[in-house]
Amino acid sequence: MGLSLEVKKLRVGYDRADVLTDVSIVARAGEITCLLGANGAGKSTLVRAVLGLTPPREGEILLDGRSIAGLPTHRIAARGVGAIPEGRRVFPKLTVKENLRTGAYLERDGTVIARRFDEVYAIFPRLLERSSQLAGTLSGGEQAMLSIGRGLMGSPGLLVIDEPSLGLSPRFVKENFQVIRRIQSTGISVLLVEQNVHQTLDVAHRGYLLSGGRVVAEGTADELKQHPALVAAYFGGDGH
Ligand SMILES: Nc1ncnc2c1ncn2[C@@H]1O[C@H](COP(=O)(O)OP(=O)(O)O)[C@@H](O)[C@H]1O
Ligand SMILES: [Mg+2]
């Protein structure tokens, strides 16, 4: 079942400078929560803190009410947080199947792993067709599918996806967002990090707009579509 995530008054930075200041967000269990913001807003830094890659300087990170702040990445993964990193990063010299298998590295039971392969191939039939193909020879859209499939192989309760539509053709962007809806419909909570505001707000339940390392807008997807901060920056002020 989906896990909830609560980030409270988070401060995160690199070297001397803070990137995130006083950031609080909630991702409810079973919902798609989006994190919007322009390049450099601090979205990936928040993702890095949640995944234990950059430990917070201040604040709380709670997964289903239990603190994960400062835990090493593999322990956070073991609690049920799956990650699909920015830029996808599939292993080009491994086959599709081998790439997927790496996503189940915490699982030892072969029967469970076989079932997860079946589930992922049901969502992405194209990955089954190409299971023996080297990942480096896939199209960008197929690599995006593979990176999401690999995240699902860990059977996460919360899936964190950092900019899945970056660099994809419009057709694949649309397909990708439909897939994210399908994943959520299986009970997995999703934290969707995106710059693609329009299509993200069409699939997300609620979300946050980050600017300069702070939350400047939050609410349901419908509220955000009307929010002055988003209308000004992304909707051209004419409501479309
Ligand atoms: N590893 C790092 N070391 C130093 N500064 C970083 C590092 N990663 C990101 N930053 C800085 O943090 C700010 C936010 O970056 P990032 O979280 O990647 O934003 P976004 O994902 O919203 O584009 C930027 O100014 C960026 O230069
Ligand atoms: Mg980023």
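A residue counts as buried if 20 or more other C-beta atoms lie within 10 Å of its own. The model examined here is predicted. By this criterion, E142, Q143, A144, M145, L146, S147, I148, G149, R150, G151 and L152 of helix α6 are buried. Helix α6 is thus mostly covered, with eleven of its 13 residues buried. The helix runs over residues 140–152. From its first C-alpha to its last it reaches 19 Å, close to the 18 Å expected at 1.5 Å a residue. Several elements cover its buried residues. Among the helices that do so are α3 (96–102), α4 (110–123), α5 (125–129) and α7 (170–185). The strands β6 (81–84) and β7 (158–162) are also included in this cover.

An open sheet of four strands was found, in the order β2-β1-β4-β5. Its pairing is antiparallel. Strands β2 (17–27) and β5 (66–67) stand at the edges, each with a single partner strand, so one side of each has no neighbour in the sheet. Strand β1 covers residues 5–14. Seven bridges join β1 to β2 in the antiparallel sense. The two strands form a hairpin, with two residues between them. D15 lies in the turn and has a positive phi of about 50°. Two facing positions can be named across the hairpin. Y14 stands opposite A17 in β2, and G13 stands opposite D18 in β2.

Y14 also belongs to the surroundings of ligand 1. By class, the shell around ligand 1 divides into six polar residues, three nonpolar and one charged.

E194 lies in strand β8, which spans residues 189–194. Around E194, 26 other C-beta atoms lie within 10 Å, and this residue is therefore buried. Beyond its neighbours within four places in sequence, E194 is in contact with C34, L36, E163, S165 and T200. E194 and R88 are 106 residues apart in sequence. In space, 14 Å separates their C-alpha atoms.

Key: Residues are numbered from 1 along each chain as its sequence is written. Chains are lettered from A and ligands numbered from 1 in the order in which they are written. This is a predicted model: local features need pLDDT of at least 70, side-chain atom pairs count only at pLDDT 80 or more; totals for chains, interfaces and linings use all residues. A residue is near a molecule or strand if its C-beta atom, placed from the backbone, lies within 6 Å of it. Ala, Val, Leu, Ile, Met, Phe, Trp, Tyr, Cys and Pro count as nonpolar, Asp, Glu, Lys and Arg as charged, and the others, Gly among them, as polar. Two strands pair if DSSP finds at least two bridges between them. A residue is buried if 20 or more other C-beta atoms lie within 10 Å of its own, exposed if 12 or fewer, and partly exposed in between; C-beta atoms are placed from the backbone. Two residues are in contact if their C-beta atoms, placed from the backbone, lie within 7 Å. The expected span of a helix is 1.5 Å times one less than its number of residues.
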